[in-house]
Amino acid sequence: MTDQKTNPETPDEAGSSVEDLDVTVVRAPETAVYEAAGADQETEAYDFSTDAAGDGEAYVAEPVVADEPTEAAGPAVDAAQPAESEPGEGHIPPQYGVGPFSLREVSLLGVWALAFLFSFFPLYANDQFTRLLGGGTVWTSGIDWVLTIGVPTVAVFLVTLRRFSPDGIRRVGSLGIDQFASVAFSVSAVVWLSWLWANIARGAATGVWLSSWVVWVEVILMAAGVALTVLAPFIPPFHEDFLHRTETLAHRVARRARPVVARPLSDARFTMAAPSVDPDPAPYGDPIDDDEPAPAPASAQQAFWALSPVERDVVDENGLPVFRVGPTAWALVIEDRGDSFVVRHEDGRIGYLTDVSGVTRG
């Protein structure tokens with residue numbers, strides 16, 4: 001008689017299989033979770049990142065609902081997208097040139113070198129004019145060389161020094177290096193152009209042409225220098241030299257001018273607080289009604305007329321004369337201070353009459 005196990009512990013016990021058993025084999029809870037997870041693969045997801053870390057030992061991750069990683073992965077992908085586009089934002093393209101100099105600076109150096117070389121050639125057409133005018137070149141014609149070639153030379157030197165010593169001289173007064181170069185070449189171009197204009201006007205009027213070809217060439221070269229300094233920010237490709245520069249605070253002399261307001265009137269003659277004055281004081285000699293009380297004597301609150309026996313100065317608080325009163329006209333006194341009167345002129349000026357001796361009151 002063959003015995004059957006009604007509740008085997010494992011399906012492999014005694015060499016039997018699950019199919020040979022008459023009863024349903026109930027697996028361990030861990031195996032059931034594994035099978036349930038495997039059966040529901042369409043709706044659940046697992047993390048197998050640690051499977052390879054074990055030494056052949058199976059690792060079962062906790063099931064995660066499939067909708068949750070989709071929502072979690074969405075922000076992760078979005079967060080990675082700005083990282084890919086971030087290098088393109090605010091990226092400053094490199095500026096190529098010749099050695100340490102930009103294309104504009106190299107062109108400016110070339111223009112200056114030619115102008116400096118031609119400045120040693122005679123300015124006048126023949127030797128007779130040279131002897132009469134006192135010099136053959138611009139270097140021997142007094143101090144004309146300062147504005148014509150000297151100042152542009154200083155500007156080019158500073159442009160060159162800036163590349164080899166960025167922390168060196170960075171401004172001339174309130175002007176930056178490029179601003180100073182713009183001024184230098186503009187002034188030089190105007191001086192050369194004035195010489196050329198005088199030569200053309202003189203030649204057209206008298207038929208005598210004093211200046212040589214040097215003046216013509218220098219005008220053209222300095223005009224090119226103006227284009228490479230003043231107009232360079234608007235001329236491609238020279239404008240690249242001014243793009244993406246570091247923003248810095250301007251020198252206090254180069255900043256915007258402060259607003260100017262009108263100065264308030266501080267003259268004591270106009271700011272003095274005067275007491276109220278009767279615009280129509282009673283004329284001198286009017287009869288007084290006996291029934292009415294006698295008027296109060298002149299005081300600081302009542303104005304009166306006064307007549308000085310001689311010409312006397314009415315001064316301000318500093319003792320400076322403001323106007324004069326005399327025996328030819330009555331003066332309006334707006335305040336009696338005992339030893340002095342506060343007098344108002346007919347044009348509104350106010351001053352002090354310090355000598356009140358012999359003054360007749362009105």
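1. Helix 5 is the biggest contributor to the nonpolar patch, giving three residues. The patch consists of Ile 143, Trp 145, Val 146, Leu 147, Val 183 and Val 187, with about 490 Å² of accessible area together. Helix 5 and helix 6 are the elements that give two or more residues to it. Patch members have over 30% relative accessible area and no salt bridge, with nonpolar side chains joined within 5 Å; areas are Shrake-Rupley values with a 1.4 Å probe.

2. A word on the basis: this is a predicted model, where local features need pLDDT of at least 70 and side-chain atom pairs pLDDT 80 or more, while totals for chains, interfaces and linings use all residues. Numbering starts from 1 along each chain, and side-chain values use heavy atoms, without hydrogens or water.

3. Val 183 sits in helix 6. With a relative accessible area of 41%, Val 183 is partly exposed (buried is under 20%, exposed over 50%, partly exposed in between).

4. Now to helix 3: its buried residues are Arg 104, Glu 105, Leu 108, Val 111, Trp 112, Ala 115 and Phe 118. These cover an arc of only 160 degrees around the axis, which puts them on the same side of helix 3 (the arc is taken from the directions from axis to C-beta atoms). They pack against helix 5, helix 6 and helix 7.

5. Finally, Ser 340 lies in the loop between strand 8 and strand 9, and counts as buried at 12% relative accessibility. Beyond four places away in sequence, Ser 340 touches Glu 335, Leu 353, Thr 354 and Val 356 (contact means heavy atoms within 4.5 Å). Ser 340 and Thr 354 are 14 residues apart in sequence, yet their C-alpha atoms are 4.5 Å apart.

Technical notes: Buried means under 20% relative accessible area, exposed over 50%, partly exposed in between (1.4 Å probe, protein chains only). Helices (H or I, at least four residues) and strands (E, at least two) are DSSP runs, numbered from the N terminus. Patches are made of residues with over 30% relative accessible area and no salt bridge: like charges are joined within 9 Å, nonpolar side chains (Val, Leu, Ile, Met, Phe, Trp, Tyr) within 5 Å. A salt bridge is a side-chain nitrogen of Lys or Arg within 4 Å of a carboxyl oxygen of Asp or Glu.
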